[in-house]
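Subject: Structure handover and findings

Hello,

Please find the structure below. My notes on what was found in it follow.

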Amino acid sequence: MTDGKHKVSAAWLEDKPPRRQQPLSREQIVRGAVEYLEQHGLEELSMRKLAAHLGTAATSLYWHVVTKDQLFDLVLDEIFGEVRLPEEDGEPLEDLRRVMHEVRRVLSRYPEAARLAASRPTLGPRALRVVEYTLGALLRSGYPEESIAHAYNLIADYTIGGVLVELSRKRLTGPGAPSGESSEDADTMRSFVESLPGEKFPNFVRLSGLLVTANDEESFAFGLDRLLAGISNDLEK
């Protein structure tokens, strides 16, 4: 979610008070941007189009948000605010599992947010609470402090990357497609597999039915379990 190597955005500086003739607050602008993002997507979001969506002039937005990049930072942080953190009183790796499932839930709800999370550091106050919780769970588990950055990046990259792959696949199958392949896609894949020479691709032909019907959520849980098992194994050495 953040690797600490990027420049800190000016978005996290204190907001200016609204001008007398400018009733919109930064919070209203950011919420409007989240709504616009859901309706129209990342490529369509601009300060001019957002201003029209909010019924104001673009100059009114620049009083609170200087650049589109700052707007993206604020939007991503707003979305991370929906991540529900478990109480820190359970088994640390189980808490880690739960919070990663929660991050996946939120990013899956806002498809464009996963793209933002993969392209910029998450240093806003709402996102940092998730980072802080995740690092705290690793520390509470007893994981070696000098290796925590690697473990953190592995888990965060797996979670965000997994959502990106799922969403890319859903863009191809359509917005209403269920998790995994649609029945039409499955039929197409089945026909394709049947046309393959089994002696040349025996493993793919043998396992293609399982590959086609794999459920995204179950696949994510399977992989996360294996990552956490690896961390647990490190702790036992």
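Which residues are linked in a network of salt bridges? They are Arg31, Asp77, Glu78 and Arg126. A salt bridge here is a side-chain nitrogen of Lys or Arg within 4 Å of a carboxyl oxygen of Asp or Glu.

Before the details, the ground rules. This is a predicted model, in which local features need pLDDT of at least 70 and side-chain atom pairs count only at pLDDT 80 or more, while totals for chains, interfaces and linings use all residues. Residues are numbered from 1 along each chain as its sequence is written, and side-chain values use heavy atoms, with hydrogens and water left out.

Overall fold

The protein chain has 11 helices and 0 strands. Helices (H or I, at least four residues) and strands (E, at least two) are DSSP runs, numbered from the N terminus. Of the 237 residues in the protein chain, 40% are buried. Buried means under 20% relative accessible area, exposed means over 50%, and partly exposed is in between (1.4 Å probe, protein chains only). Accessible areas come from the Shrake-Rupley method with a 1.4 Å probe; for residues, only the protein chains shown count as cover. Among contacts in the protein chain with a separation of 6 or more, 72% are between residues 24 or more positions apart. Contact means heavy atoms within 4.5 Å.

Salt bridges

Side chains of opposite charge can pair when their charged atoms come close. A search of the whole structure finds 16 salt bridges. One of them joins Asp73 and Arg120, with the closest N and O atoms 3.0 Å apart. This pair links distant parts of the chain, as Asp73 is in helix α4 and Arg120 is in the loop between α6 (111-119) and α7 (125-140), 47 residues apart. Asp73 and Arg120 are both buried.

Glu78 counts as buried because its relative accessibility is 15%, whereas Arg126 is partly exposed at 36%.

Arg105 and Glu102 form a salt bridge with their closest N and O atoms 2.6 Å apart. The two are 3 residues apart in helix α5, so about one helical turn separates them. Arg105 is partly exposed, with a relative accessible area of 32%, and Glu102 is buried, with 9%.

Surface patches

Patches are made of residues with over 30% relative accessible area and no salt bridge; like charges are joined within 9 Å, and nonpolar side chains (Val, Leu, Ile, Met, Phe, Trp, Tyr) within 5 Å.

A nonpolar surface patch of about 650 Å² is made by Met189, Phe192, Phe201, Phe204, Leu207, Leu210 and Leu211. The elements giving two or more residues to this patch are α9 (183-195) and α10 (202-213). The most comes from α10, with 4 residues. Leu207 lies in helix α10 and counts as partly exposed because its relative accessibility is 40%.

Glu87, Glu88, Asp89 and Glu132 form a negative surface patch. Lys and Arg count as positive and Asp and Glu as negative; His and the chain ends are not counted. The place of a charge is taken as NZ of Lys, CZ of Arg, CG of Asp or CD of Glu. Asp89 sits in the loop between α4 (68-80) and α5 (92-109) and counts as exposed, at 65% relative accessibility.

Regards
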